[in-house]
Amino acid sequence: MKRKPPLSPFEAQRKAAQRAALNALRRARRSAEKAGVSLSEWEGEFLESVSERVKTHGRAFGDPELGAPGQALSAMQGRKLKEIAAKAKGEEPKRRWGKKRD
């Protein structure tokens, strides 16, 4: 019985990033359902489409300049995922830039 050769370090890192992204997407959806927080139509569609693209292509973005090599999500997709997870936890959304309002 022949065994597969071990994955290269780059390939192993890419697979780990893919699994981590899928787990984070699942965790965000599950925590929103448990907390009873209703996600907007856009947020639900975002979670679905990103998880589908990661499953089929290994990453959710086409342009290599949008994300780091070996990562499954681009920087903006990661930010949106964090915002959705914070909303599911009931946390106040963080201000992105600018001064605090009084």
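**Reading the terms in a predicted model**

User: L22 is found in helix α1. What makes a stretch like this a helix, and where does α1 run?

Analyst: A helix here is a DSSP run of H or I that is at least four residues long, and helices are numbered from the N terminus. Helix α1 covers 9-35. Before we go on, this is a predicted model, so its local features need pLDDT of at least 70 and side-chain atom pairs count only at pLDDT 80 or more, while totals for chains, interfaces and linings use all residues. Residues are numbered from 1 along each chain as its sequence is written, and side-chain values use heavy atoms, with hydrogens and water left out.

User: Why is L22 called buried?

Analyst: Its relative accessible area is 13%. Buried means under 20% (exposed is over 50%, partly exposed in between, with a 1.4 Å probe and protein chains only), so that value places L22 among the buried residues.

User: And what does L22 touch?

Analyst: Not counting residues up to four places away in sequence, L22 touches S51, V54 and K55. Contact here means heavy atoms within 4.5 Å. P69, 47 residues from L22 in sequence, is 17 Å from L22 in space, C-alpha to C-alpha.

User: Q18 is also in helix α1. What makes Q18 count as buried?

Analyst: Q18 has 12% relative accessibility, and this is under the 20% limit, so Q18 is buried. Leaving aside neighbours within four places in sequence, Q18 is in contact with V54, K55, G58 and A72. Q18 and H57 lie 39 residues apart in sequence, with their C-alpha atoms 9.7 Å apart.

User: How do you know that W42 and F46 are stacked?

Analyst: A pair of aromatic rings is described by the distance of the centres and the angle of the planes. Searching the whole structure gives 1 aromatic pair. That pair is W42 and F46, at 5.3 Å centre to centre with 15° between the planes. Rings of Phe, Tyr and Trp (its six-membered ring) pair if their centres lie within 6.5 Å, and planes under 30 degrees apart count as stacked, over 60 as edge-to-face and the rest as tilted, so W42 and F46 qualify as a stacked pair.

User: Why is R59 said to sit over the ring of F61?

Analyst: The charged end of R59 is 5.0 Å from the centre of the F61 ring. A charge sits over a ring if NZ of Lys or CZ of Arg is within 6 Å of the ring centre and within 35 degrees of the ring normal.

Notes
Helix = DSSP H or I, 4+ residues; strand = E, 2+ residues; numbered from the N terminus.
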